[in-house]
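Visitor: I would like to learn how to read this model feature by feature. Please give me the general idea each time, then the case at hand.

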Amino acid sequence: MLHSTGPLLTVHLGDRETSETDITEVQERYIGGRGVGTRLAHERIPFDADPLGPENRAVFTTGPMQASQMSFTGRTNCTAVSPLTDGLLSSNAGGFMSRHLAATGYGAVELTGESDELVVVHVRDDGVEFETVPDLREATVPETTAYLETEHDISSDRTAVIGPAGENEVRFASIMTTEERAFGRGGLGAVLGAKNVKAVTFGGESAPDLEIPATANEIHREAATTDHIMKEQGTVAVLDLANEMDGLPSYYFSERSFEGADGINGDRVAEKKYKKGTCSACAFACKLPTRDEERGVETEGPEFEVAMAFGSNSGVDDIVDVMESNRLCDEYGLDAISMGNTVAAYLDAEEEFGNRELIWDLVEKTAYREGVGDTLAEGIGRIHDELGVGNWSVKNMDFAAHEGRLLHGQALSYAVANRGADHMYATFYSVEYPLVDEDEAMPPSGFEGKAERLVERENLMALNDSGVVCKFSRDFMTPERYELLFDADFEDLLAVGARTVTLERHFNNRRGIDGADDRLPYEDELPGLDDAIETYYDRRGWNDDGTVPESALPAPPA
């Protein structure tokens, strides 16, 4: 089985020392990326670690496909205990950092402990440098990357940076790379902030020399030559369909369609797109550099989730207003989905839907934890009672745009996913919209066959995250191509994903998270949900209460 190579580099922030550990056996069983990060975190982070304490570890990993030049491979994984969900969580970001991390020669880089001063950690194949940077205290992401470029000739492509939100331990703060790509969802930026790490940079000349099958060239060529709506509109291309199907969350989830959808849809984004945008080595180029000359707003996006959170869910029908919200989140280092939904909760409480000036003020106040922003920084799951609104979250992670009240398999996924109401954990929505081949499609309503399919989807997505292969490769990847790329039987590859999901669940169980947390705010509208959850547990080999029995726990490396 093709897998990542290179030792684990542990960066001890407290005493500014480093150590290396051979992790070959972990890599052989978990490939790389999320799989390796999860196994290492499970073994090395205490089950009772405070997410914002020194015992938490942030583990950066790549996979074997970062040794290729195949499209869909410009992504990097980061794993830690989440300040938002309180469970083990992996997030991955696109951009260009992945190959610079691989070039250090390390298979994984973890940060542990905490620094007594604000630092930048420079990781290279010839050593690690700790740079004290007091002048960067509460600097924005662009200000920090400008400093690294000016003082060290380090481009933003080589950086993982936090903004003021991370330093102020906002529970949904992101780690940013290439300025506009985010390790979002779950608050990993706050983990670095608690450790007093402003940025990590990567570089070197020690990239692994792996033999990559010719299948990678075929996939790359198809990605370059295939027409696809995402190349023009990104994920926001689905917004009109979702709205027509009564599946676009609006006005803080109180409605499921938005009368102003035409002002924030894919056509509006395409009108503002001024050049192609991509990730490292990817010819699919689905990113969205957008600009409005009249108002001087420039950003990358918004994608569908952000058009929902800062658009329909906040009562905003102007794409440029959503672009500005997106830009501010990137600048301050905030997960734009969680920030938008949390703003929407406040707008609901204050009856201020559509107030763009208030929205932008709330984003800034949240990043700096000023005034009401100190409350909003805790996230919907912790503050909904104080605001007097519904709790639109699962395991404290607020909902993504794909509407579970319409797409019942996606609802099941939101309920049981180890990281909460996140759409990318299984991407089940992709088989429930009427956009896929008949052989792949499932009806939106009902749960027949969906628990079994969900297990397969979760395992496949965990495999992608371990590879590391972008999930938007779904139209180009087949079981046969997975087998050729990773030199293993497809079922054995899915087993890597299954082990990863089970380890996440077991870690979370040890932190008190179980089936009681696998609930939805609208479950009364979904007859059959409880049976589907029970079937899901049974298919996983877990207990009826959503816990992992010792017999189902993957054995640790020898």
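Guide: Start with exposure: a residue is buried under 20% relative accessible area, exposed over 50% and partly exposed in between, using a 1.4 Å probe and protein chains only. Helices (H or I, at least four residues) and strands (E, at least two) are DSSP runs, numbered from the N terminus. This is a predicted model, in which local features need pLDDT of at least 70, side-chain atom pairs count only at pLDDT 80 or more, and totals for chains, interfaces and linings use all residues. Residues are numbered from 1 along each chain as its sequence is written, and side-chain values use heavy atoms, with hydrogens and water left out.

Visitor: Which residues of helix H7 are buried, and which are exposed on its other side?

Guide: In H7, residues 215-225, the buried ones are Thr215, Ala216, Ile219 and Ala223. They lie on the same side of the helix because their arc around the axis is only 105 degrees; the arc is that of the directions from the helix axis to the C-beta atoms. Asn217, Arg221 and Thr225 are exposed on the other side of H7. Contact means heavy atoms within 4.5 Å. The buried residues of H7 pack against helix H8 (230-233) and helix H19 (479-486).

Visitor: How should I read a sheet, and what is the strand order of the open sheet here?

Guide: Two strands pair if DSSP finds at least two bridges between them. The open sheet has six strands in the order E2-E1-E6-E3-E4-E5, and the pairing is mixed. Strands E2 (17-21) and E5 (88-93) stand at the edges with a single partner strand each, so one side of each lacks a neighbour in the sheet. On average, neighbouring strands of this sheet are turned by 20 degrees against each other, direction ignored. For such angles, axes are lines fitted to C-alpha atoms, for helices over the stretch in contact, and angles run from 0 to 180 degrees between N-to-C directions.

Visitor: Which helix packs on the sheet?

Guide: Helix H2 (residues 33-44) does, touching strand E1 (8-12), E2, strand E3 (58-61), E4, E5 and strand E6 (108-112). The direction of H2 makes about 155 degrees with that of E3.

Visitor: In which sense do E1 and E6 pair, and E1 and E2?

Guide: E1 and E6 are parallel, over five bridges. Thr10 stands opposite Glu110 in E6, and His12 opposite Thr112. E1 and E2 are antiparallel, also over five bridges, with Leu8 opposite Thr21 in E2. The hairpin of E1 and E2 has four residues between the strands, and Arg16 in this hairpin takes a positive phi near 55 degrees.

Visitor: What about the other pairs, E3 with E6 and E4 with E5?

Guide: E3 and E6 pair in the antiparallel sense over four bridges, and Ala58 has Leu111 as its bridge partner in E6. Strand E4 (residues 76-81) pairs with E5 in the antiparallel sense over six bridges. Val81 stands opposite Leu88 in E5.

Visitor: How many residues of E6 are buried, and which way do they point?

Guide: In a regular strand the side chains alternate between the two faces of the sheet. In E6, Ala108, Glu110 and Thr112 point one way, while Val109 and Leu111 point the other way. Five of the five residues of E6 are buried, so the strand is largely enclosed by the rest of the structure. For E1 the count is four of five, so E1 too is largely enclosed.

Visitor: What is a nonpolar core, and which residues touch the most other members in the largest one?

Guide: In soluble globular proteins, nonpolar side chains tend to be buried together. A nonpolar core is a set of buried Ala, Val, Leu, Ile, Met, Phe, Trp, Tyr and Cys residues joined through side-chain atoms within 4.5 Å. The largest here has 123 residues, and Phe310, Leu334 and Leu520 touch the most other members. A second, separate core of 30 residues includes Leu13, Ala58, Leu84 and Ile175.

Visitor: Is Thr427 buried or exposed?

Guide: Thr427 is buried, with a relative accessible area of 1%. Its phi is near 45 degrees, a positive value in a residue other than glycine.
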